Amino acid sequence: MSEGVDGTRQPVGIFGVPMDLGQGRRGVDMGPSAIRYARLEASLGDLGYNVTDFGNAAVPIPEIVEKKEEVRHLGVIRQVCEAVAERAAAMVSEGLFPIFLGGDHSVAIGTVSGVAEAFDTRTGVIWLDAHADFNTHESSPSGNIHGMPLAALAGRGHPDLVNIGRSGASVRAEDVVIIGLRSVDQQERELLREAGVRSYTMKEIDAYGVAQVVRRAIKDLSHLDRVHLSFDLDSVDPDVAPGVGTPVRGGLTYREAHLVMELINESGIVTSLDVVEVNPILDERNGTAELAVELVASLMGRQIIGLPD
Ligand SMILES: [Mn+2]
């Protein structure tokens, strides 16, 4: 989405993290493959981006990893996220706009901590998600790490998660906005309030309209030079995006989701991206992965009526 002074596009790097350890196996480990099959690289190419695909992170399958850990799959998720953080930092250092393909949302502990480490300024986060992912191992009703990444990034929770990439918080809670929220656990609500994370729920989107909410969120982060967009496909309504890890009714419509991306594109605020929780097993003919690619294209500058060359 960044246009250089000479009108050329910032080159894009793609990296897949086929991880489904943040919960039990559901099928989101196939997300990177489904999104690539839906022609992510070609559609970015059509927009004028030079794209390099770095393949996938090495991720063990749930059937062969130790299951007796106190926090489910903590050790292996930490290892994978450390490797992802290193790759993320390298992509930023090479001047690329990184796009990470999940995998469950726990991959974001690696992606965000990696980009935050590589940028030497504060990095903000837009968490576009039906869930807050702000549990800790102590508050979580399920114990699944995919419900904890945003808390870990903001310095809360298990030290093995918080200290991925660099020790301590990778982002400040006041530099985070959540959009699309509609499912929060009891204790998680308290944690969000204590931390002071700004949340724009579906209620606000219904009441004020998605455009006003997104503009407000962008304004909340306008003090930052770097903003990572962590896009969980479950922010979109399951009628439109059935192939997700944890569907929740009452999400963004097809047009609302596009408008979110179009407005973020206009702002020029976003400098890196996750696309997570695509689950081909629950999907219909790869439609959710295709939607993901369409929405990435909107974020990266595709317009209904493009300007003439
Ligand atoms: Mn999520």
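**Overall architecture and local features of the predicted model**

The structure is a predicted model, in which local features need pLDDT of at least 70 and side-chain atom pairs count only at pLDDT 80 or more, while totals for chains, interfaces and linings use all residues. Residues are numbered from 1 along each chain as its sequence is written.

Along the principal axes, the C-alpha atoms of the protein fill a box of roughly 60 × 40 × 40 Å. The protein contains 11 helices and 8 strands, both taken as DSSP runs numbered from the N terminus (helices: H or I, at least four residues; strands: E, at least two). Of the 309 residues, 55% are buried. A residue is classed as buried if 20 or more other C-beta atoms lie within 10 Å of its own, as exposed if 12 or fewer do, and as partly exposed in between, with C-beta atoms placed from the backbone. Contacts are defined by C-beta atoms, likewise placed from the backbone, that lie within 7 Å. Among contacts between residues at least 6 apart in sequence, 76% join residues at least 24 apart.

Helix α4 comprises residues 107-118, and its 12 residues should span 16 Å at 1.5 Å a residue; the end C-alpha atoms are 17 Å apart, in agreement with that expectation. The expected span is 1.5 Å times one less than the number of residues. Because 11 of its 12 residues are buried, α4 is largely enclosed by the rest of the structure. The buried set includes V107, I109, G110, V112, G114 and A118. In the loop between β3 (97-102) and α4 lies G103, which is joined to G102 by a cis peptide bond with omega of about 15 degrees.

Helices α10 (residues 254-267) and α11 (residues 287-299) pack at an angle of about 30 degrees, their axes lying 7 Å apart. The two helices are therefore roughly parallel, angles under 35 degrees being counted as roughly parallel, over 145 as roughly antiparallel, 65 to 115 as roughly perpendicular and the rest as oblique. Axes are lines fitted to C-alpha atoms, for helices over the stretch in contact, and angles run from 0 to 180 degrees between N-to-C directions. On the α10 side, A257, H258, M261, E262, I264 and N265 meet L295, S298 and L299 of α11. By class, this contact has 5 nonpolar, 3 polar and 1 charged residues (nonpolar: Ala, Val, Leu, Ile, Met, Phe, Trp, Tyr, Cys and Pro; charged: Asp, Glu, Lys and Arg; polar: the others, Gly among them).

Within α11, S298 has 21 C-beta neighbours inside 10 Å and so counts as buried. When residues up to four places away in sequence are not counted, S298 touches H258, M261, E262 and N265. The C-alpha atoms of S298 and D104, 194 residues apart along the chain, are separated by 23 Å.

Positive phi values of about 70 degrees occur at R39 and at E277, neither of which is a glycine. R39 is placed in the loop between α1 (31-37) and α2 (40-46) and, with 15 C-beta neighbours inside 10 Å, counts as partly exposed. E277 is placed in the loop between β8 (270-276) and α11; with 32 C-beta neighbours inside 10 Å, E277 counts as buried.

Methods:
Contact = placed C-beta atoms within 7 Å.
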